[in-house]
2 protein chains.
Amino acid sequence: MTKADTIFKEFREHSVAEFFKKNRQMLGYSGKIRSLTTIVHEYVTNGLDACEEAGILPDIYVRIEQLGNEHYRVTVQDNGPGIPKTHVGKVFAQMLAGTKFHRFIQQRGQQGIGASGCTMYSQITTGKPTKIVTSPQKGKIYECEVMFDVKRNRPLISGEVEYPGDMQGTKIIAEFKDVTFNWSDYGPAEYLRRTAVANPHAKITFVAPDKQRFVYERAVHVLPKKPKPSKPHPKGITVDDLLDYAHHAKARTIKSFLTQTFDRMSSAKADEIEKLTSIDFKRKPDSVTWRDAEEIVDAIKKTKFLAPNTSNLYPMGEKQIEKAILNVLEPEFHAVRTRSPSVYRGGVPFIVEVGIAYGGKAGKGNGDSAKTEVMRFANRAPLLFDAGGDVITKVVNEIDWKRYGMRKLDDVPATIIVNVTSTYIPYTSAGKQAIADIDEIHKEVALALMEVGRSVGSYIRREARKGEKQAKRKTLLKYVPEVAGAVAKLTGDSKKELEVKLLDMINRKYAAGQMGDGPEEERDG
Amino acid sequence: MTKADTIFKEFREHSVAEFFKKNRQMLGYSGKIRSLTTIVHEYVTNGLDACEEAGILPDIYVRIEQLGNEHYRVTVQDNGPGIPKTHVGKVFAQMLAGTKFHRFIQQRGQQGIGASGCTMYSQITTGKPTKIVTSPQKGKIYECEVMFDVKRNRPLISGEVEYPGDMQGTKIIAEFKDVTFNWSDYGPAEYLRRTAVANPHAKITFVAPDKQRFVYERAVHVLPKKPKPSKPHPKGITVDDLLDYAHHAKARTIKSFLTQTFDRMSSAKADEIEKLTSIDFKRKPDSVTWRDAEEIVDAIKKTKFLAPNTSNLYPMGEKQIEKAILNVLEPEFHAVRTRSPSVYRGGVPFIVEVGIAYGGKAGKGNGDSAKTEVMRFANRAPLLFDAGGDVITKVVNEIDWKRYGMRKLDDVPATIIVNVTSTYIPYTSAGKQAIADIDEIHKEVALALMEVGRSVGSYIRREARKGEKQAKRKTLLKYVPEVAGAVAKLTGDSKKELEVKLLDMINRKYAAGQMGDGPEEERDG
């Protein structure tokens, strides 16, 4: 046996579930607090997605009970459409299975890993199954217990019952050990508070282990528009993607394949592209070779297209961000900005929105010791962890905040809110807590932050000028009695009258709020 | 059809390769420079691992050629044992297949994803296969081209040839587009320089796109001890792991299963554990229930064990770190520390080593503008990216460096080297660029840094005292002529002689280097 043979005797194949069991930190299971927040995050985002896809105003109930030391039971119930019983097992105990992975659709979940990760973590820490109660059909309730066959990446279902009853949605009950609840910025309570901030159309009820009950009532009674699957935008499509689409296309010609597959690809645009290539677009799409695909992609790069159709992207919107900021932070000043849609790799459209709140309750801590706080969201789901690896944090740190009157960003009473909306968020890992540093997203976040930065900058400078004028006024006021006395002696006028006149003059010139530089601009955009 | 049925019509299953194709940023493919470094990293770590496992001093050759705009060819050749032809396809085009994933063995690669990720990235950016030339048997060479069937996560092999010839090892040739070479801290050149720093037993040759040739000669002619698979340590084993091991055990009794499976589990220890439980250890291991496993794990927690057997962990060692620091950084002062082995989750042993270099060529930039530089390594492989998410960066930022005489860490001419050695590095993502923030590792890194921090602190304070003494000396020297003149007048002695005597007195008391506080401690640990 050669050396190579000896070494390769150990060669094995593994399932994706085994991979994530061994590397559970990649799913967010590192640290006892983070693990519990990850669980709440996975269940709640699934619930919100299910409701929104079915056109239902979400009503999410979360309860965390302590059963022992580092041992908790988590119950999450939504009022969504329910899960057909044939799919319950795969949703909760099969990784890379789901409805979202292959579609261009703006939802929080997208990988078909999260809920199965919870089942796995429950099982490996407590040995117990996850209980599911769901009503996929009016008047009928289905109940079962799911275990995870990790080696085969397949569900094991037991205790199935079906009975008549009134229930809407899905309820998940699972136990976990090796997790801890606390009230920190990284815990489930803060996660749900931020979720409420970014989702004013959802009602969220949270019962903490100490039985405290938090109800975030619905502030907006209209559902955000239902996310629709979209077509990829031609800009940024890779040769490989194009070839893949072409070989699976049902269209008869390359031209009709292009117009049917891509967003903003009109018949005229397809003709324009054909002219830039040596390819006959009447050929069948499955005849496209790598070379052809390269030619088409090059031609697409040279062609102008409308920005991606955004009818399938639903950002929070400036009004909602403003509402969230005013309600929660009561700032002295704020500015918000929703950028126009842009596209990254593979024609994926995205929108960056930012809000900045200054003074008031903004920032972490109070008064002079307040520090800047950055709240990151992806499709309205709060990102609490892995801040260091996130494109948002990177851009926030790169911006020269001194230009906007903030000497050192850390020590400013400000809250910066950034939400990235996309049909596919490029997370740095399956734990979905940080957005990858992709050039196009980097640039959009920077532009948005600079825009609100300018607004804050003018506000801070205006306040500083007010401060300077007030200082001048105070100095002048100090000399009033002396000057009035001296003039009274010279002219024989009443010192009192002179004092009143002088005070009036000074106050008129340096009155607070009358700065002589136009009306206040309290917000931008 | 119910709402639920409509939504779940879209339910699909996906392969792990499709997942990583869509989420290629998780493998390190985000950004054109990072992508090229990722490729070099994957091929080079595989080459080093192969050589070391076969007991061969590594000789790694890397060439990067520019073929066009953002289009490069990468060639990597090692002198390892070669790959048996039946395995070539799976090594380069099947994810989660490999020799390392299931073993407790200290190697750089561990997931069976990296090399397949390169094949995928080459294919989706150029449409071309990856060429492999390997000699798994003396005198015989096997050559083929590998494409990746991403949907099925399986290799497609073509152009197979076998011929006689003299070659040792494996050569990989692949083309990539959408990548860029540069000389920055994040590029392949810096990656290979740092690899050479941490692997003085390897010869590394690098030919850059501009034909510049860098040869890092072997500085140590002894191979690090060959990594051996180890047994998991009982401390930190989870109930689930124990149950899994028990149900796959070939032992006849629970007792023999425990002593055969775990490190440091002597017959006496197994008896001690049996007494703490209600379980008869003569039962068959496959009869162990979750409850039993919980009892055993609880008993293990109450039992003292020897620290993990470290004969299968090979840290760089203080001498090698010192050599690396002295060769490359020529610092004024340095301190190194290899901590004792520790264990994290599931009984995985690890060792933290740190080195700190101060002054000289240490730090980024030169002279007064020099800034602190942190070099992170995992099993001697440099980690260039995702610094923000890494436990090492977090600990470095948490340490109160002021206590060690460094006012603000950023502005100090220091290089901090941290290497984590383990049979399984808990990376934050499949891109293997950051180590997860796991409590046990966090603590070890902190302790190690504080130890070297103290050494640097005493050095800096000593230097500061030297500076103060020199200042005193200068002040006294200024008064020598005056004092000598005055005394000469009083006593009639020669002013010249008095001056000489006074100078001598002052110099003796304040001579540089004679501080009166014991011999220099140039290093710690």
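In this predicted model, the domain assignment divides chain A into domain 1 (16-216), domain 2 (239-302), domain 3 (318-458) and domain 4 (459-510). This briefing looks at two meeting places: the one between domain 1 and domain 3 within chain A, and the one between chain A and chain B.

**Domain 1 and domain 3 of chain A**

- Taken over C-alpha atoms, the centres of domain 1 of chain A and domain 3 of chain A are separated by 28 Å.
- Where these two domains touch, 26 residues of domain 1 of chain A are in contact with 22 residues of domain 3 of chain A.
- On the side of domain 1 of chain A that touches domain 3 of chain A, at least two residues are supplied by each of α3 (32-53) and α6 (188-198) of chain A, and α6(A) gives the most, with six residues.
- Sorted by class, this side of domain 1 of chain A consists of 11 nonpolar, 10 polar and five charged residues.

**Chain A and chain B**

- The contact between the chains draws 54 residues from chain A and 53 residues from chain B.
- On the side of chain A that touches chain B, the elements that each supply at least two residues are the helices α1 (3-8), α2 (16-22), α5 (114-126) and α7 (239-247), together with the strands β1 (12-13), β4 (97-98) and β5 (130-137).
- The largest share of that side of chain A comes from α1(A), which provides five residues.
- By class, the residues of the side of chain A that touches chain B divide into 23 nonpolar, 21 polar and 10 charged.

Terms used
Residues numbered from 1 in each chain as written. Chains lettered and ligands numbered in written order. Predicted model: local features only at pLDDT ≥ 70, side-chain atom pairs only at ≥ 80, totals over all residues. Contact = placed C-beta atoms within 7 Å. Helix = DSSP H or I, 4+ residues; strand = E, 2+ residues; numbered from the N terminus. Nonpolar A, V, L, I, M, F, W, Y, C, P; charged D, E, K, R; others polar. Domains from an automatic or database assignment.
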